[in-house]
Amino acid sequence: MFPYYLELALRSLRRNAVLTTLMVTAIGVGIGASMTTLTVFRAMSGDPIPAKSRQLFRPQIQSRGPDGADRESEDGLQTDLSYLDAMAWMRAHQAVRQTVTYASGLTVRPADPKQKPFRADVRAAYNDFFPMFAVPFAFGSPWTHADDDDRSAVVVLTRALNDRLFGGSNSVGKTLRLGNEPYTVVGVLNDWLPIPRFYDLQVVPFGESDQLFIPFTHAIDRQLEVDGSTSCSDDRQAGFPDLLQSNCIWLQYWVELPTAADVAKYRLFLNNYAAEQQRSGRYAWPPRTELRNVREWLAYRHIVPNEMGVLMLLSFGFLAVCLLNAAGLLLAKLMGRAGDIGVRRALGASRTAIFVQCLIETGMVGLAGGLLGLLLTSLGLLAARSLLTADFVALTHLDLADVGIAIALAVTATLLAGLYPTWRAAQVQPGWQLKAP
Amino acid sequence: MMRELGPIASSLGRNKFGAILIAAQIALTLGFLANALNIVEFRLSWSSRPSGMDEANVFAIRSESVDASADPAARVSADLSVLRALPDVVDAFAASSFPLAGGGWMSSVNLDPDQAMWTTITGIYFADEHGLDTLGARLVAGRNFRADEITDRHSADKPNTSVLIVTKALADKLFPAGDALGKDIYVDSGNHPERIVGIVERLEGPITTASGPSRLVAEHSVLLPYRPVGDRANYLVRARPGHLNVSMKSAERALFAIDADRILRTRSMAEIRANAYRGDHGLVVLLLGVSVALVLVTGFGIVGLTSYWVAQRRRQIGIRRALGATRCDIVRYFQMENLLIAAGGAAAGIAFALALNLWLVDSFEMLRMDGSQAIVGAILMLILGQLAVIWPALRAASIPPALATR
């Protein structure tokens, strides 16, 4: 029966090409608009490291008194850390892996004299950074614990930077001049771009930034200034040595805690640390502490901008209008064929048969609309890419899941919209229609 | 005219589903359209605020030494005197940040060194005695910095200052009585008072984001009499009117002549402004695009359903024509019918638009709508309905009276 119904549906759709085109266009445009925003939204609110997002934690401590609550965070806790607290936690070494990190910049002087010097984004971190965040290496490996302790001038490059500086060859062991100092390349990353860049949301959370990785201890020795915010409360700071002694907050801190027991132990450590700091007089208040995993952290920081929510709402409203539209057109189309349906009923077709047949016709319209919608979605993503800030470039690609969602959304939505018109079509009285001219 | 309402109402009663569909579409379209226009209106006015600078003639050069220079202060002095001596250049100074830069130093402002909670937040700019002239900012009270008040500020030291210049917006916020000039305030998180010696009409802060708390302090700026000194320098240069492009090139050549081993990035303020508001303009284009598509889809939906009604009523129309109705009567019938449906939809749409706006304000921090957008949108919807119905109505009018006899 099914192939016959398909053929009937095709024939009927062809017969009223204008209405069919209008319906397919309406659904396609609606799907295109809503899928475009949904794709960007999904990418922005996605899990950047699904395998480990429940094992990586961001500890926080209330480093300002009740008067200095952070107005932009919902619980008033400061999001970043001071050097004093960060180093105390690094020394305590209470997690399986831990790293403190910050963003900076250095001038790269390529060995090739034909290339001009340029500024590159630098990430200062401990060597745990790489295994913690499952960073893939193309050549070499992370620097060693000894490098961290010796404050060595070693560097890990991204693949793109290695292509630019060393023509994509294995540069491990070569020397790279950063500013005035020579660094030894110990590793080159494979493609790696977590979206959003959860480990530091201060600078460009969506898009590429870090190009070079160097040991945190070395960056501190070189007094590399932070690219990002430094927030100081009472004491005005002057220069790097002061910054290290101050309560200014500017560092990100991450720990890896694989089991619930590890988490419990770390919470206890944080609470004890906070109590100890209060006892020693460094904090005049009982400092609250907090431990959030990657997903909780991203939700807490509200990294998806409000505009995105509004845009998504608008485009799904748009889809709703398109579906109302399609429902109206379907009604027009199916009722326009009341005569045919009457004949079929008179010849013995049951209501169910008519219903199923009309539903198949509706589904085909939905399918066509979904395909058109996919096409429009890729156009929409192209448009979004050129319109939105460059940081969003990485977000705008369609994956297989998106294609599935688009088609499923189109077909179900159209079927739902077509339910009433189809039901009405199945109610056609054979006798009445046959008498009509 | 009124006589037609009876038959229209009774015929609508027989086509409830179609009429409701059209009205619902109009209501939804209006609701989304009005809110989209509300956002568009705000973003456009936000991104076209004057910065208080002579943007048409100013450009910025970021200079970075590849190797740390032995005497950065001497370097900045040399760079600045060369830039100021260029024939096409009016003035130049070394800036820490500037309006539209997108990032910079924000600081709290206090009226009392011991107060627990700060009074407000402001953007901080460093400028020497050439700063105001280069920016093109207009003093409305007090005076500019004097050369003897300017100190070099390396990243590693914190010289105190006792004078500063504020924007009128900040002055009015701190001293609503309008007597800010000569008053002492505390910025830069210190307990050392700084006296307001000048007030400029307008100078935007460096942060340009339209959402979040920084929006409320976007017009607050403080100029401190420092000359920033380091291996990275930002020079703002004001060219003679009409000589922007020429002087951008000659400025780069002049700086490279002093030291070729540096990285320069030269951008006009126009470029910097476009970059600062790229996101806002992108959002505007996206919202307008979706709005236009929404209106088109609704319009075509009305065309489609009305055509169907015309086809359904061919016989009745023929009978009316045979009984003496003119073509005009037929067209008017469909227009009245659409007006009734659209008016119902628009009324529901205005309510929906306002409710949606309340919700958006609540959960997405959008701006309140004053209702004018909803009214404009409603009128647009009525016009759209009338336009969409013309073609099917004309087709209806061309049905021959003879049809009734068949």
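Author: The account below treats the interface of chain B and chain A. This is a predicted model, in which local features need pLDDT of at least 70, side-chain atom pairs count only at pLDDT 80 or more, and totals for chains, interfaces and linings use all residues. Residues are numbered from 1 along each chain as its sequence is written, chains are lettered from A and ligands numbered from 1 in the order in which they are written, and side-chain values use heavy atoms, with hydrogens and water left out.

Chain B places 59 residues in contact (heavy atoms within 4.5 Å) with 54 residues of chain A. The two chains bury about 4800 Å² between them, 67% of it on carbon and sulfur atoms; buried area is the accessible area (1.4 Å probe) that two parts lose on being put together, summed over both. Of the area that chain B buries against chain A, B:Phe17, B:Arg278 and B:Tyr308 supply 13%, more than any other three residues.

The rule for salt bridges (a side-chain nitrogen of Lys or Arg within 4 Å of a carboxyl oxygen of Asp or Glu) finds two across this interface. A:Arg119 forms a salt bridge with B:Glu64, their closest N and O atoms being 2.3 Å apart.

On the side of chain B that touches chain A, H2, S1, H8 and helix H10 (327–364) each supply at least two residues; helices (H or I, at least four residues) and strands (E, at least two) are DSSP runs, numbered from the N terminus. The largest share of that side, 17 residues, comes from H8(B).
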